[in-house]
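Let's walk through this model together, starting with its charged pairs and ending with its nonpolar cores. Keep the viewer open as you read.

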Amino acid sequence: MTTVMTILGIVVFVVGLLFSIAWHELGHLSTAKMFGVRVPQYMVGFGPTLWSRRKGETEYGVKAIPLGGYIRMIGMFPPGDDGAVRQRSTSPFRGMIEDARAAAYEELQPGDEKRMFYTRKPWKRVIVMFAGPFMNLVLAVAIFLGTLMTFGISTTTTTVSSVSECVVKVSERTDTCPKGAPDSPAKAAGLKPGDTIVAFNGAEVTEWDELQRRIRDTIGPATITVERDGERQVLQADLVKNQVAKSDGRGGYVEGEYVTTGFLGFSPATGVVEQSFPQAVDRMGDMMIAGAEALTRLPEKIPGLWNAAFAGAEREQDSPMGVVGAARVSGEIFALEIPAEQRVAITLLTLALFNLSLFLFNMLPLLPLDGGHIAGALWESLRRGLARVLRRPDPGPFDVARMMPVAYVVAGVFVCFTLLVLIADVVNPVRLTG
């Protein structure tokens with residue numbers, strides 16, 4: 001049964017991946033057609049075509065390798081300075097430029113002169129190129145909000161899981177209390193596992209991070225209102241100073257860092273809690289910030305990936321994953337001994353994070369990414385605007401094809417990184433369980 005559920009999880013992820021790619025390309029397709037650009041092809045995947053059908057002027061299809069997708073637009077790059085589009089230079093870098101320009105004019109038909117992508121105003125080209133990543137962002141937001149508000153998420157609550165026996169610095173924490181250690185304020189006050197703290201010093205509390213902050217800001221007498229066996233009780237506690245783990249500001253802890261604050265002495269329980277709309281938006285914002293930070297930290301993860309792939313080092317839990325690794329994790333999620341709705345929720349959140357990553361990555365201002373084309377259109381708009389202000393001749397469209405040598409370097413780096421991640425995902429994958 002575990003094998004069946006694992007396979008089902010992988011299939012669900014692959015289907016979600018294909019939908020995310022198709023959704024991304026639909027953004028490009030719909031806006032390109034809206035602005036009159038001719039689009040001969042709309043494809044999900046790369047490699048050999050598995051299925052295709054022509055509708056109107058566009059061929060729609062699915063290819064064998066689900067690692068991306070594309071639409072082909074006529075005239076992505078302007079012609080050369082001499083107006084030629086197929087002239088081939090002996091210079092390797094110039095050849096890259098001319099090959100890219102020639103490919104942009106493949107399938108050129110009579111009447112296409114006014115339907116080429118480069119002839120559209122810069123703001124229209126920005127919209128066409130931004131529409132793809134934006135569709136991923138929309139999908140990520142919809143999944144995040146829908147999942148958090150419908151299924152909920154594992155959350156640290158104000159319910160007591162366990163009560164500390166004594167006051168001990170967290171850096172010296174042991175399984176038994178040292179001789180002479182005083183009882184914890186929570187134990188002395190009569191706090192018990194299963195109690196739900198609903199108010200602190202008379203102020204209502206519903207979230208752990210708020211309760212944690214109030215406790216740490218208090219040294220001395222305090223009242224703790226708990227809900228026990230359906231009834232409310234008020235306990236009297238005398239909080240003391242103690243060394244505790246540093247808070248990350250969201251109810252969690254910063255590993256290896258300590259602060260001296262007010263101390264009550266209990267561990268909170270976790271539970272699956274449906275989020276309100278403001279809570280879901282707040283959590284989604286945290287995830288987006290974390291995703292952007294993770295993207296900026298990718299270079300520093302490469303040594304760890306290399307060691308995990310080729311030196312047998314332990315794979316870090318926050319290590320970058322590719323499609324293979326994410327599919328494996330999705331399979332593990334479906335095989336977990338947890339309620340079915342939570343399997344679905346975690347898988348949906350994984351797909352949401354994947355779409356968020358697609359948005360952030362594609363917005364990098366580098367060719368061949370969408371952000372590179374957006375940067376080119378914005379630069380063209382800026383220099384044409386400056387020419388008008390300075391009453392100089394119109395410089396014409398910015399030839400993004402001139403950046404193709406850089407694009408090939410970026411693509412080469414991306415391919416190498418993808419291969420490294422793939423090898424690590426196969427030989428030393430990130431696992432949810434031991």
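Searching the whole structure turns up 13 salt bridges, each one a side-chain nitrogen of Lys or Arg within 4 Å of a carboxyl oxygen of Asp or Glu. The model is a predicted one, where local features need pLDDT of at least 70, side-chain atom pairs count only at pLDDT 80 or more, and totals for chains, interfaces and linings use all residues. Residues are numbered from 1 along each chain as its sequence is written, and side-chain values use heavy atoms, with hydrogens and water left out.

Start with arginine 125 and glutamate 380, whose side chains form a salt bridge at 2.7 Å, N to O. Because arginine 125 belongs to helix 3 and glutamate 380 to helix 10, the pair ties together parts that are 255 residues apart in sequence. Helices here are DSSP runs (H or I, at least four residues), as are strands (E, at least two), numbered from the N terminus. Both arginine 125 and glutamate 380 are buried; buried means under 20% relative accessible area, exposed over 50%, and partly exposed in between, with a 1.4 Å probe and protein chains only.

Arginine 384 and aspartate 394 make another salt bridge, at 3.0 Å, N to O. This pair joins helix 10, which holds arginine 384, to the loop between helix 10 and helix 11, which holds aspartate 394. Arginine 384 is partly exposed at 22%, while aspartate 394 counts as exposed at 53%. Arg125, Glu380, Arg384 and Asp394 are linked in a network of salt bridges.

Now turn to helix 7, where Lys301, Leu305, Ala308 and Ala309 are buried. Lysine 301 meets glutamate 316 in a salt bridge of 3.5 Å, N to O, and glutamate 316 sits in the loop between helix 7 and helix 8. Glutamate 316 is partly exposed, with a relative accessible area of 43%. Just after helix 7, glycine 312 adopts a positive phi of about 75 degrees.

Helix 11 is part of what covers the buried residues of helix 7. Aspartate 425 lies in helix 11 and is buried, at 1% relative accessible area. Its contacts (heavy atoms within 4.5 Å) include Arg315, Pro320 and Arg328.

Finally, which residues touch the most other members of the largest nonpolar core? Of its 27 residues, they are Met73, Phe117 and Val128. Such a core is a set of buried Ala, Val, Leu, Ile, Met, Phe, Trp, Tyr and Cys residues joined through side-chain atoms within 4.5 Å. Helix 1 gives the most to this core, with five residues.

Key
Lists of a residue's contacts leave out its neighbours within four places in sequence.
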